[in-house]
Structure formats: structure tokens, C-alpha cells
Amino acid sequence: MNVRRVTVLISGGGSNLQALIDACNGGRLPVRIVHVISNRADAAGLVRASSAGIPASILEHADFQERGEFDRALIELISTHAPDLVVLAGFMRILGPAVLDRFNCRMINLHPSLLPRHRGTDTCRRAIQAGDAEHGASMHFVTAELDGGPVIAQVRIPVMEGDDAHSLMARLAPREHALVVATVELFGRCSVQCADNAVSIDGKRLTNPLLLNANGHFSV
Ligand code: GRF
């Protein structure tokens, strides 16, 4: 079944959420963002959700004694809007096994690196430090392995002479926006599945992640 209802999890500015909202409003995405959840009350992305008329919720982990309690509350909160797909877009919290089991193969994450390179944080600085000629972003299924789930799609950008983490991140941001939009569009138009640590699209197993082209679409 193709995805119709999407819930987006955020922690900060929500520029990727905004890209999704704009793509929905522009008619490109055959899906509806039904709910936005932030684990931080001060996330600017919450304002973007409200301005777009999307129900927004705050679930701060500081309000919970232990990780498992937060995870159970998150499962319940996500479930209230019955999404087909949960998109982690700048969501900076590691989720426990209960959440991963509940939304197995229905939860995807945007990560700012060319996975499997540079899992974790501070990826732009680490890419420069490693002397990488290319950097980029990945959309992957969320599994128990941190930033280690099967990769669906990527966007690549060159690392330029004189780049620092700031300039590289600034060039990557609009490409991340395009990647998250194209990936959610893919889920809306095709059946994207995850099994045996691999991705298949309309029944065909991917051998490599899809690659976003300059026009914001996947090259075939
Ligand atoms: C993005 O760079 C994303 O890759 C990273 O956090 C940032 C989120 O930005 N994980 P925003 O909140 O969507 O503006």
C-alpha cells in the first residue's frame, strides 16, 4: 500500500518539515502531513506546523523518568493520528526497541552524510577532516542500529577547497530538503518496503541507494 498519512518528528528549526509542507501545498506530494511531534518545546518547527494548520504535539523527554516511559508515550502519541509513515527530520533523539518494533519498516530518518560513512553527529566537520571529496545526505529506514538501517536514497555534493563545516552544511541543507521531499513522494507513489536489511521498490530490490539528481528527482 502506498503511503497517504505522514507524521513528522522534529527537534529544531524544521526546515525539512517546511520543505515537505511546501511540497504538499504545491501539489507534488500525494500524501498528507497529519501530525508533527517535537521532543523540544522550543523547536521553531512547531510554529511552521501550526502556521500550516497541522496538529502539533510536544513530548519532552525531560518529563519522563526513564527512556522506556518516553518511548511508550511516543508510541501512543504517534498512533493517535494513525500514520502510514513516520519521518524523522532533524529529530535528535535515539529511539528504543519498543518504538522500532511498533513502526518497523514504517519509520525513516534523514541523516546528513553518505551512509555508511559518518554515522552520528557533526558529520560535515568529520567529512572535511577525513578529506572526503564528496559529502551528502541519506534517507534510511530506522532500525536498532543507529544510522545503520537500509538506505533508500542519497544526495551527493562535492566538498570544495576551503570548505568548513559551516559552508558545507549550508550547501547541503537545500539538497537535504529536496531529498526528503523526493523520498516521501516515492513512498506516496510506490510501494517501498524493507526486509532482510534491504529496500525494495514495487517489488524490485535496490542494489544501491537511489540518487537524487539536480532537478530534485531520482535518476533511474
Ligand atoms: C538537518 O541537517 C538534518 O540532516 C539534521 O538536522 C538538521 C535538521 O534541520 N539531522 P531542520 O530542523 O529540518 O531545519
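# Briefing: sheets, helices and ring pairs

Thr183 is buried, at 0% relative accessibility (buried means under 20% relative accessible area, exposed over 50%, partly exposed in between, with a 1.4 Å probe and protein chains only). This is a predicted model, in which local features need pLDDT of at least 70 and side-chain atom pairs count only at pLDDT 80 or more, while totals for chains, interfaces and linings use all residues. Residues are numbered from 1 along each chain as its sequence is written, and side-chain values use heavy atoms, with hydrogens and water left out.

**The 8-stranded sheet**

- An open sheet is formed by 8 strands in the order β3-β2-β1-β4-β5-β6-β7-β11, with mixed pairing. Two strands pair if DSSP finds at least two bridges between them; helices (H or I, at least four residues) and strands (E, at least two) are DSSP runs, numbered from the N terminus.
- The edges are β3 (56-58) and β11 (210-211); each has a single partner strand, so one side of each is left without a neighbour in the sheet.
- Inside this order, β1 (residues 5-10) pairs with β4 (residues 85-88) in the parallel sense, over 4 bridges.
- Thr7 stands opposite Val86 in β4.

**Helices across the sheet**

- Helix α1 (residues 15-25) lies across β1, β2 (32-38) and β5 (107-111), and runs at about 165 degrees to β2. Axes are lines fitted to C-alpha atoms, for helices over the stretch in contact, and angles run from 0 to 180 degrees between N-to-C directions.
- Helix α6 (residues 165-189) lies across β1, β4, β5, β6 (134-141), β7 (151-158) and β11, at about 150 degrees to β7.

- Thr183 is placed in helix α6.
- Not counting residues up to four places away in sequence, Thr183 touches Ile108, Met139, Ile152, Ala153 and Phe218 (contact means heavy atoms within 4.5 Å).
- The C-alpha atoms of Thr183 and Ala127 are separated by 24 Å, and these residues are 56 residues apart along the chain.
- Thr123 belongs to helix α5 (residues 123-129) and is buried, with a relative accessible area of 5%.
- With neighbours within four places in sequence left aside, Thr123 is in contact with His111, Pro112, Ser113, His118 and His135.

**Aromatic rings**

- The whole structure holds 2 aromatic pairs. Rings of Phe, Tyr and Trp (its six-membered ring) pair if their centres lie within 6.5 Å; planes under 30 degrees apart count as stacked, over 60 as edge-to-face and the rest as tilted.
- Phe64 and Phe70 have ring centres 5.8 Å apart and planes at 80 degrees, so this pair is edge-to-face.
- Phe64 is partly exposed, at 23% relative accessible area, whereas Phe70 is buried at 1%.
- Phe141 and Phe187 also form an edge-to-face pair, 5.9 Å centre to centre with 70 degrees between the planes.
- This pair links distant parts of the chain, with Phe141 in strand β6 and Phe187 in helix α6, 46 residues apart.
- Phe141 is buried at 0% relative accessibility, and Phe187 is buried at 3%.
- The charged end of Arg93 sits over the ring of Phe70, 4.5 Å from its centre (a charge sits over a ring if NZ of Lys or CZ of Arg is within 6 Å of the ring centre and within 35 degrees of the ring normal).

**The 3-stranded sheet**

- Another open sheet has 3 strands in the order β8-β9-β10, with antiparallel pairing.
- Its edge strands, β8 (192-195) and β10 (204-205), each pair on one side only.
- Strands β8 and β9 (residues 198-201) run antiparallel and are joined by 4 bridges.
- Ala195 stands opposite Ala198 in β9.
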